[in-house]
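Subject: Structure for you to look at

Hello,

I am passing on a structure that you have not worked with before. Please open it first; my notes on what turned up follow below.

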There are 2 protein chains.
Amino acid sequence: MKKSADNEINNLRHQIRTGTFTKSTAGLMPGYVQANYVALPKEYALDFMIWCLRNPRPCPLIEVLKDGETTSNNFLNGLDVRLDIPLYRILSSSEPEKSIVDICDIWRPDLYSFLLGCSYTLDDLLIEHGIPVRHVEANTIVPMFQTNIETVPCGHFSGPVVVTMRPMTDVQANEAVKITENLHFAHGGPICVGNPRALGITDLSNPDFGEPVQIQSDEIPIFWACGVTTQVALANANVDFAITHAPGRMLITSVETDQAKNKLDPLNVLLK
Amino acid sequence: MKKSADNEINNLRHQIRTGTFTKSTAGLMPGYVQANYVALPKEYALDFMIWCLRNPRPCPLIEVLKDGETTSNNFLNGLDVRLDIPLYRILSSSEPEKSIVDICDIWRPDLYSFLLGCSYTLDDLLIEHGIPVRHVEANTIVPMFQTNIETVPCGHFSGPVVVTMRPMTDVQANEAVKITENLHFAHGGPICVGNPRALGITDLSNPDFGEPVQIQSDEIPIFWACGVTTQVALANANVDFAITHAPGRMLITSVETDQAKNKLDPLNVLLK
């Protein structure tokens, strides 16, 4: 895995923290786990967490911070969830949705923070293994589609599974399955290969989120579960307050991808 | 996997439900996932769930029922958590600990039920693959040891990792690692091979729970994380009310082991 130089990392971290970098984190700091971010008042935390457990493919929960905690020594070593995401999205029943560069002023001690794996990690690994990723080459946002598959609901939280789509040849698709199927913390293997109708998708040129990509004549569309599933569920849930990352502006965690499994499971290293 | 005949299953289910079978479920209904059971009042549910997420090897959460729910169409199809465990253990701050055959009379609408994977599933698979399991052959309770490794705490919940031990030859141990390492829902692969001191265990003939087994001269001890970790944490937590299965009397779920991954992840089947 190509690693970023320390000074590049420090520069980017500084720009994000000071609110001068507010763009997509796609392709930034390759080799580091990126995460979807959701903060909810405690009253919603249990339902949300159970909903994630019931839907591990779109919602792979990698860390939870409780009662207003803003950092951890796991995925957030040296980081602060109030500052270290390029742009935040604020959902509130009393005000229109807005985007802001830090959330210090609106932070509340009853907030629970949820970190969920992200397909930017998956893109990283595909490219590392020599599989071209169309939306990365085109420098566009990955095409995303709402499917006709419902998540297993819990309390306030429900709604359709959202997927990302990457076009590939058959050979690349077989390889991509192998590369991603054990990457549970970043959506795992694809959920559908080559058959958009099985997901209720009729027009690949018209994604519900992101931007369309070209599909060549020797390619088929491959679909992975996507963290935007969470955003759709939050919109459906009518919660009175929530904070998430703004679309594409993920939390770049302090953990390198090849260390993620050891962080998720402190007993992952076999003692001899 | 050897499957039980329907009439054997129905008989056993009936005896458990009516309180006439109250013994260990080890080796019963091979091929079905068995689970540790914990019920806690809602006020403790969030901390407990986060503690499980932080310690997935000893505490692999497979299902959560909320707000007094007693069944599900997932791991509990046709089952009722108040009746379908052979014997329950009641922890209460106002009364001494006791064991009872059903919990209908003490059920509360604020209880959350947690199902966690169990190493009986692991024993099943080892035997299925031709690896002898000493405590099953001897018809004794698997030896369990408290280790010097602490779980990652959350709120009320903390305490040492407890492990089960199975003696094996080197060759069997290598095979056992391969068979169990992807069995995340039932404690996964061993956490230690051949080195009890790495876990702070000094006397293999004197387990903290269960019964000792013979270790032959060509064998080494292999250690897997164990669901009793949860019982020790509950004892430490001083919760004012909790229900668990009685030791060894697990919840035999409605799910066959080879279907478990599809139940844990509704998107586990690749669409084509």
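Predicted model: local features only at pLDDT ≥ 70, side-chain atom pairs only at ≥ 80, totals over all residues.

On the α3(B) side, the contact is made by Leu122(B), Leu125(B) and Leu126(B), and on the α5(B) side by Ala176(B), Ile179(B) and Thr180(B). Five of these residues are nonpolar, one is polar and none is charged.

The other finding concerns a sheet in chain A. Four strands form this open sheet, in the order β6-β7-β9-β8, with antiparallel pairing. Strands β6 (144-150) and β8 (192-193) of chain A each have a single partner strand, so one side of each is left without a neighbour in the sheet. Between β6(A) and β7(A), residues 160-168, the antiparallel pairing runs over four bridges. In this part of the sheet, Met144(A) stands opposite Thr164(A) of β7(A).

Helices also pack on the sheet. Helix α3 of chain A (residues 119-128) touches β7 and β9 (220-225) of chain A, and its direction makes about 15° with that of β7(A). Helix α6 of chain A (residues 228-237) lies across β6 and β7 of chain A and runs at about 155° to β7(A).

Regards

Definitions and conventions: Residues numbered from 1 in each chain as written. Chains lettered and ligands numbered in written order. Heavy atoms only, no water. Contact = heavy atoms within 4.5 Å. Helix = DSSP H or I, 4+ residues; strand = E, 2+ residues; numbered from the N terminus. Nonpolar A, V, L, I, M, F, W, Y, C, P; charged D, E, K, R; others polar. Pairing = 2+ DSSP bridges. Axes fitted to C-alpha atoms, helices over the stretch in contact; angles between N-to-C directions.
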